[in-house]
Amino acid sequence: MKVLVAVKRVIDYNVKIRVKADHSDVDLTNVKMAMNPFCEIAVEEAVRLKEKGVATEVIAVSVGPKAAQEQLRTALALGADRAIHIETDERAESLAVAKLLAKVVEEEQPGLVVLGKQAIDTDNNQTGQMLAALTGLPQGTFASEVAVDGDKVNVTREIDGGLQTIALTLPAIVTTDLRLNEPRYAKLPDIMKAKKKPLDVKTPADYGVEVASKVSLLKVESPAERKGGVKVASVDELIDKLKNEAKVL
Amino acid sequence: MSILVLADLHEGQLAGATAHVVAAAQAIGGDIDVLVAGEGVQAAAEAAAKLDGVSKVRVADNAVYAHQLAEPMGALLVELADGYTHVLASASTTGKNVLPRLAALKDVSQLSDVIAVDSADTFKRPIYAGNAIATVKSDDALKVITVRSTGFDAVGTSGSATIEAVDTVVENSQSSFVKEELAQSDRPELGGAKVVISGGRGMGNGENFKLLDGIADKLGAAIGASRAAVDAGFVPNDMQVGQTGKIVAPDLYIAVGISGAIQHLAGMKDSKVIVAINKDDEAPIFQVADYGLVGDLFEILPELESKL
């Protein structure tokens, strides 16, 4: 079966972000960008399914500006067979991305779609669930284990109280949690080979999807700064401060 | 305005987060109904009826809703959402799993992890691991929202809402429950605890986490962990505090052997008082800690336990 994997270009997770002076958004000029960490895990899982002989082809897809092709090339270097770039400079929200991915699912008919559970920029945690709803496929979100077994997939999910295992009929949508796997690094020869792998460029209009959403971003602010605290010299002083100054004991 | 709140359940009982979501619904204003869906949830429905501000509790008690699987829950919500202007759920793993399905099926956006209500259509939510706060306005006819429970104080329990049964039963042949492995603990739930003590990579191994037990017992605290401690296999992942784990905002947060990476701070920096115990006096955690103690945690923890 084909496995479709969705990747997003986001600010590198180590970068300390800056809010623009006019509070319109976060400043992304000259900032290091990378593949969203949860998407890396999704790519790794798809490639492992191919190595196990479960997947026959891995297709990476990304929605975003032209520069998102860098992240698709990364996915190709990690083992994806081909890529689809849906190019848009608009701020594509989860619903629009899910609609676009639903069109790709309709066209490619994958047996499994793997996405990250959330992007570390918008922190929405929505796209996989929305894609499942739009395609009418079952979902296994926050997966820490994925086991394909015939026409079913068993997904172990990280839930608030611990772990839950569910069985889904294929085709299905899976979103990855951090503990699903440890992504590999792309080797130089694979990065070179990735440059020759096919990468189709499409637009939202090709799929007849409107990217604009009814949610508008009015303002972005820095959170309230915490005041720098004090260092105490001993356990006694700490307990005294917590009892008499902070009054939390 | 008419608001439907999806009740959060934990092992069939009403979870504490629901009272926080009702508080968010009150901030929006309007009639508030609570939907309790699951199997054998009469007690949870009665608990929900006591929440202040709730006018009606709707109970969908059927085997198809057991374990609140996303597919039947999404289908049920789509059936019930008509007539409501807002559907809210807590940003728990269940709320996050189910609500985006409703949003997509109704062709509307979802607002995730809302921490403040500016008006019935304008909300604040953290982005970039809590390093920025976005104010967003939704012009969708139906607003689908998950609520970060630490952003709202729980409502009281002196209410007496009416309880009515929902007969809607949906089909689900796509997903089935296999098993659950829940971590057993006598301590308060991490998300709602007044005091949290967390260990990081500095704890060295899982065995050393026992050093936190005595202190947690004395303070009535929940025990958390950093991602480093979870990834190193010291403790199970449901103890993780951070952007990808639980978000907590207790009165007192004690970070032991935790450096204070952005990912971890996203999960705890709204705590009232933060204490850091770390041997590295340059650790970033000291920049957010109200009280910092530089030293060896293996000496400090036993001393702290004996003196509390």
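1. Helices here are DSSP runs of H or I with at least four residues, strands are E runs of at least two, and both are numbered from the N terminus. M192(A) lies in helix 5, residues 188-194 of chain A. This is a predicted model, in which local features need pLDDT of at least 70 and side-chain atom pairs count only at pLDDT 80 or more, while totals for chains, interfaces and linings use all residues. Residues are numbered from 1 along each chain as its sequence is written, and side-chain values use heavy atoms, with hydrogens and water left out.

2. M192(A) counts as partly exposed because its relative accessibility is 43%, where buried means under 20% relative accessible area, exposed over 50% and partly exposed in between (1.4 Å probe, protein chains only).

3. D140(B) sits in the loop between strand 10 (132-138) and strand 11 (143-147) of chain B, and D140(B) counts as buried because its relative accessibility is 6%. The C-alpha atoms of D140(B) and K56(B) are separated by 25 Å, the two residues being 84 apart along the chain.

4. K231(A) lies over the face of F286(B), at 4.6 Å from the ring centre, and K117(A) lies over that of F142(A), at 5.8 Å; the criterion is NZ of Lys or CZ of Arg within 6 Å of the ring centre and within 35 degrees of the ring normal.

Conventions:
Chains lettered and ligands numbered in written order.
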